[in-house]
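I opened my notebook to look through one protein model.

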Amino acid sequence: MTGQATYSFKRYRKFVLPLIALIAVTEGAAIVCGATFDKLETGLIKGISFLQFLFPPDWAAFKDMIEPAFQSIIIALLGTIFGTILSVAFAMLAASNISHSWVRNMARFLIGLERSVPEIVILLLLIAAFGLGSMPGIVALSLGCIGMLGKLLADIIEEIDPVMIESMESLGANKLQIIWFGVMPQIIPSLISYSLFRFEINIRLSVILGAIGAGGIGYELDYSFSMLQYHRASTAMIVIVLMIFGTERLSYLLRKKFKVEGALQ
């Protein structure tokens, strides 16, 4: 029996030991965070009972939500457009095959630095500079694009066949001609696909940033909750769901129309 038990432990220890370690880490993290099943159960019961305050939605407020929803879409759209332009510039500087090594390292550092700072933190800094309104939201979303799109596009540019670039250089093409006639045509499909995907992300972020001070439908939702107008808040949430669902479908149809390859679907 002892020999069988030892054999069984050796057979399964590569699964058992990581599982024990995972349980220990999870338990330790729960203790540090103060998370318990009792609190989870209490929160769920309160959350379910709170849902009754949201129904029925205040349909009379629906027309008042159209303009804020349109404002959130405009904030996300402008943030995506300006962010894409900035990302292309950073991607060119961060690609080792068309940029000097020190420029590439500096650009990669700035892209990584931006990616480490959440959009909410950027917005709070911009609100201190510009005040409340759509402007800080647009700038925050534009800067937020650089970390994601800049890195993805730079990696794509570095994967371009070096023979093509060398051939253009041997024909006397300068850097701008290589970028415009050699690099851009190869990254356009991925650029469109990733930009549309980023637009979907910016739509969600515009709602969150709006609740902080960028305006739009996020502000209407936060205002309704703070004034205890839960039926109106329910209407705002329905508009947000419709807005996000609609933009995702539109983004999907556009990507399908362009029939891009080698990018997010």
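Predicted model: local features only at pLDDT ≥ 70, side-chain atom pairs only at ≥ 80, totals over all residues.

**Entry 1: aromatic rings**

I began with Phe53. Its relative accessible area is 44%, so Phe53 is partly exposed. Next I asked how far apart the ring centres of Phe53 and Tyr230 are. The answer is 6.1 Å, and the planes stand at 45°, so this pair is tilted. I then looked up where the two partners sit. Phe53 is in the loop between helix H2 (37-50) and helix H3 (62-94). Tyr230 is in helix H10 (residues 230-258). Tyr230 is partly exposed, with a relative accessible area of 22%.

Phe50 has a relative accessible area of 27%, which makes Phe50 partly exposed.

**Entry 2: helix H4**

I checked the length of helix H4 (residues 101-115). At 1.5 Å a residue, its 15 residues should span 21 Å. The end C-alpha atoms are 21 Å apart, which agrees.

Which residues of H4 are buried? I listed Val103, Ala107, Arg108, Ile111 and Glu114. They cover an arc of only 130° around the axis, so they lie on the same side of H4. I recalled a general rule here. An α-helix has 3.6 residues a turn, so residues three or four places apart point the same way.

I then turned to the other side of H4. Ser101, Trp102 and Phe109 are exposed there. Last, I looked up what the buried residues of H4 pack against. I found H3, helix H5 (119-130) and helix H6 (134-158).

**Entry 3: Asn202 and the cysteines**

I picked Asn202, in helix H8 (residues 175-214). Is Asn202 buried or exposed? Its relative accessibility is 0%, so Asn202 counts as buried. I set aside neighbours within four places in sequence and looked for contacts. Asn202 touches Ala76, Gly79, Thr80, Leu141 and Cys145.

Cys145 made me look at cysteines. Cys145 is buried, with a relative accessible area of 0%. Cys33 counts as exposed, at 65% relative accessibility. I looked for sulfur atoms within 2.5 Å of each other, as a disulfide requires. The count came to zero disulfides.

Most residues other than glycine have a negative phi, and most peptide bonds are trans.

Where is there a cis peptide bond? One joins Phe55 and Pro56, with omega at about -5°. Pro56 is in the loop between H2 and H3.

I also checked Leu228. Its phi is near 60°, a positive value in a residue other than glycine. Leu228 sits in the loop between helix H9 (217-226) and H10. At 57% relative accessibility, Leu228 counts as exposed.

Key
Residues numbered from 1 in each chain as written. Heavy atoms only, no water. Buried < 20%, exposed > 50% of the residue type's maximum accessible area, 1.4 Å probe, protein only. Phe/Tyr/Trp six-rings, centres within 6.5 Å; stacked < 30°, edge-to-face > 60°. Helix = DSSP H or I, 4+ residues; strand = E, 2+ residues; numbered from the N terminus. Expected span 1.5 Å × (residues − 1). Arc of directions from axis to C-beta. Contact = heavy atoms within 4.5 Å.
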